[in-house]
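Here's a quick briefing for anyone about to set up calculations on this one. Have a look at the structure first, then read on for surface, core and charge pairs.

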Amino acid sequence: MCSKEAMEAGRLCCQRQRQVLFLFLFWGVSLAGSGFGQYSVTEEMERGSFVVNLAKDLGLGDRELFARGARVIFDDNKQYLLLNSHTGDLLTNEKLDREKLCGSTEPCMLYFQILMDNPFQIYRAELRVRDINDHSPVFRDKDTVLKILENTAEGTTFRLERAHDSDGGPNSIQNYTINPNSFFHIKVSDSDEGMIYPELVLDKALDREKQQELSLTLMALDGGSPPRSGTTTIRIVILDVNDNAPHFSQATYVTQAPENSPIGSIIAKVSAEDVDSGVYADISYSLFDASEDIQATFQINPFSGEIILRVFLDYELVKSYKVNIQAIDGGGLSARCTVLIEILDTNDNRPELIMSSLSNQIAENSPETILAVFRIKDRDSGENGKMVCYIQDNLPFVLRPSMENYYILTTEGALDRESQAEYNITITVTDLGTPRLKTQHNITVLVSDVNDNAPAFTQTSYTLFVRENNSPALHIGSVSATDRDAGANAQVTYSLLPPHDPHLPLASLVSINADNGQLFALRALDYEALQALEFRVGATDRGSPALSSQALVRVLVLDANDNSPFVLYPLQNGSAPCTELVPRAAEPGYLVSKVVAVDGDSGQNAWLSYQLLKATEPGLFGVWAHNGEVRTARLLSERDAAKHRLVVLVKDNGEPPLSASVTLHVLLVDGFSQPYLPLPEAASDPAQADPLTVYLVIALASVSSLFLFSVLAFIAARLCRRGRDTSLGGCSVPEGHFPGHLVDVSGTGTLSQSYQYEVCLTRDSGTSDFKFLKPIVPNIQAQSPGRNSEENPTFGNSFGFNFQ
């Protein structure tokens with residue numbers, strides 16, 4: 001028992017010495033002072049027994065312990081006490097057995113820390129477990145045989161084995177007594193371990209011849225109230241004289257044993273001699289007054305005195321042993337010695353990492369945050385117990401030492417989830433022993449998302465194409481935006497933004513699917529009314545606050561060939577037919593008339609071509625495919641009919657092509673001066689012409705013909721000059737391939753680049769005048785057909801046309 005008490009005392013002493021020397025940095029953390037909070041509790045109290053109100057003891061508010069996440073951590077990682085954070089009461093978590101916790105060590109102290117956050121603080125405290133008298137003294141042997149020579153002098157003392165009491169302090173053994181007799185009394189002495197032991201003192205000389213044996217009862221009493229006791233029987237055998245007791249070569253043996261010594265190793269060897277002879281010189285060795293721990297750890301060879309190891313040694317549990325050895329000769333005389341065994345530490349314990357608090361999730365963009373608080377310890381001593389703690393490099397985390405081997409793991413700064421959403425941190429604790437041992441603890445830190453990224457469109461602008469006359473609700477294209485955030489912060493909703501032009505009915509033209517960004521045309525579009533549509537779409541996430549971005553969308557309406565050519569001249573309004581006058585003396589190529597047509601479409605859909613579909617006399621007239629000019633194909637003769645009906649087909653270049661036809665009435669006359677009135681088919685025979693009238697008509701026709709030729713020559717000269725100016729001036733020509741049989745109408749299909757005409761007809765008149773006023777170089781602007789129809793009047797009451 002003495003060795004066990006020395007072992008416990010050594011363990012406590014080692015706990016104070018085994019500390020790693022670090023430079024403690026107190027950065028951003030408020031820590032408690034170095035003083036201890038001292039509390040006590042009586043052993044065997046029921047679970048939930050009140051110990052102290054921590055809130056009052058620490059000067060904190062009623063709810064502050066709960067708000068700051070207060071927790072209690074014991075050095076051996078067992079939860080002896082329970083903290084009620086709401087009331088601040090510190091309660092027992094289980095029945096505490098002082099004898100199991102501390103053995104014979106008195107006082108029995110349990111050390112713990114109180115940890116709190118916001119700010120982080122550590123309070124050191126100790127709990128004393130007070131003993132109650134719940135164990136009686138017990139002797140290891142119920143019967144003890146003590147052999148005493150009959151010639152033993154009065155006053156001789158015989159040390160007896162002491163009793164053991166698991167209680168400590170005043171409840172431990174305080175006294176020994178023996179039943180009354182005339183030969184012996186009990187003397188109580190103190191040992192160097194601070195314990196008492198009984199000694200039997202001889203008061204009267206023994207006489208073997210009168211009495212060979214004595215039986216005494218030894219009682220051990222503790223100091224409890226009421227006291228408890230234990231007894232053993234001592235049988236004294238009176239021996240014949242053996243005048244020499246064994247003698248050890250050393251009173252104290254000192255030896256060392258590494259803690260990794262194998263079982264069966266010889267730890268030490270003692271030797272004693274007896275100068276007697278015969279049976280009185282035979283010596284046997286045994287353990288004397290040995291505790292259960294020593295008896296379980298060592299055994300001694302009774303013949304050789306070798307002390308043999310029975311179990312593995314553990315320096316962290318017991319650092320030294322004190323073993324008492326007794327040598328007894330054959331005559332019953334004995335001698336005793338002490339063997340001090342020092343256990344040598346080896347680096348056989350890995351460092352331990354004890355996590356006090358851990359938070360493995362943190363919001364991105366958070367400032368420096370405490371993730372973990374933990375403590376490290378190594379049960380070895382010396383260099384074997386010194387430790388180094390670190391984490392891997394290139395991580396945005398910092399490991400800061402605190403007090404009492406505590407470490408704090410914090411973020412180095414704000415984290416960005418979009419750069420890295422998860423971190424694996426390995427905390428490594430390495431001792432400085434040989435070989436070095438280490439412990440690793442892995443922590444996975446998840447970075448939770450914060451809505452710090454606006455949706456981003458895949459393109460800053462989108463150009464979509466839709467052909468006119470589309471079906472309603474037609475899918476015309478899609479926009480797409482992505483958000484680097486996660487969860488609801490990455491869910492994107494699309495919407496149409498109000499247009500810059502308040503008159504644009506955007507909501508009735510297009511719509512957008514809020515979930516996938518698909519765009520739909522709500523109604524059929526007309527290229528001639530709307531050629532392009534420009535608007536902005538927005539993408540908004542569902543974070544709080546929501547973030548958004550914009551993109552420009554251009555919808556270009558593609559032209560379809562949905563407009564047939566429209567003939568402007570000659571008019572086809574159901575009134576009197578348009579009759580063109582051609583002198584019979586006209587040369588081949590004589591310009592009879594020109595068919596003027598337009599097409600509401602654009603591009604090649606508006607490229608017009610002309611062809612003669614029907615003629616009264618084929619081969620007499622021809623139509624230029626490019627410009628619709630009707631000209632004579634050959635010289636006229638007297639045999640040619642006077643009236644001719646021409647049907648001209650005007651066709652665009654669309655797919656499929658659309659066309660329109662126009663009918664021309666041509667009257668062959670001898671001269672422009674002759675008045676000509678169309679007569680009905682059933683008219684009466686003409687009267688006999690007057691000769692004077694005939695001469696006048698011929699003279700007028702000649703003068704008129706000469707004037708007409710002069711005018712035509714002048715017009716031809718002007719047209720040639722204008723044609724050269726136009727070609728040098730660079731009139732606009734649509735891009736792309738231009739078929740040879742078509743004429744460029746500069747996007748509107750109204751006129752060619754060569755001529756424009758002004759035609760004046762008088763309603764209900766009997767004659768029609770086709771006047772070549774002047775050649776005009778066209779000035780055609782690219783504009784929508786709808787606008788053309790508004791700006792250019794088509795028909796007047798006088799049937800006058802003026803194409804600008």
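The accessible surface of the protein comes to about 41300 Å², with 52% of that belonging to carbon and sulfur atoms (areas are Shrake-Rupley with a 1.4 Å probe, and for residues only the protein chains shown count as cover). Keep in mind that this is a predicted model, where local features need pLDDT of at least 70 and side-chain atom pairs count only at pLDDT 80 or more, while totals for chains, interfaces and linings use all residues. Residues are numbered from 1 along each chain as its sequence is written, and side-chain values use heavy atoms, leaving out hydrogens and water.

**Overall picture**

- The protein has 8 helices and 49 strands (DSSP runs numbered from the N terminus: H or I of at least four residues for helices, E of at least two for strands).
- Of its 804 residues, 44% count as buried (buried is under 20% relative accessible area, exposed is over 50%, partly exposed is in between, with a 1.4 Å probe and protein chains only).
- Take the contacts between residues at least 6 apart in sequence, and 69% of them join residues at least 24 apart (contact means heavy atoms within 4.5 Å).

**The nonpolar core**

- The largest nonpolar core has 27 residues, and Phe248, Phe298 and Ile325 have the most contacts inside it (such a core is a set of buried Ala, Val, Leu, Ile, Met, Phe, Trp, Tyr and Cys residues joined through side-chain atoms within 4.5 Å).
- The elements giving two or more residues to this core are β16 (252-258), β17 (266-269), β20 (298-300), β21, β22 and β23 (334-344).
- β23 supplies the largest share of this core, 5 residues.
- Leaving aside residues up to four places away in sequence, Phe248 touches a list of residues including Tyr253, Val270, Tyr285, Ile325 and Cys337.

**Salt bridges**

- The whole structure has 20 salt bridges (a side-chain nitrogen of Lys or Arg within 4 Å of a carboxyl oxygen of Asp or Glu).
- Arg159 and Asp289 form one of 3.7 Å, N to O; Arg159 sits in strand β9 (residues 157-159) and Asp289 in the loop between β19 (284-287) and α5 (292-297), so the pair ties together parts 130 residues apart in sequence.
- Within that pair, Arg159 is partly exposed at 29% relative accessibility, whereas Asp289 is buried at 10%.
- Arg235 and Glu213 meet at 3.1 Å, N to O, and this pair ties together strands β14 (residues 229-239) and β13 (residues 213-222), respectively.
- Glu534 and Arg554 also meet in a salt bridge, at 3.1 Å, N to O, linking strand β39 (residues 532-541) to strand β40 (residues 548-558).
- Arg98, Glu99, Glu106, Arg128 and Asp131 are linked in a network of salt bridges.

**A buried charge without a partner**

- Glu316 lies in the loop between β21 (306-309) and β22 (320-328).
- Glu316 is buried yet has no salt bridge, and the nearest side chain of opposite charge, Arg379, is 5.2 Å away (Lys and Arg count as positive, Asp and Glu as negative; His and the chain ends are not counted).
- Glu316 does have a side-chain polar contact of 2.8 Å with Asn349 (a pair of N or O atoms within 3.5 Å; within protein, one must be able to donate a hydrogen and the other to accept it, and residues adjacent in sequence count only if both atoms are side-chain atoms).

**Ala701**

- Ala701 belongs to helix α7 (residues 691-729) and is buried at 12% relative accessible area.
- Ala701 and Pro583 are 118 residues apart in sequence but 10.0 Å apart in space, C-alpha to C-alpha.
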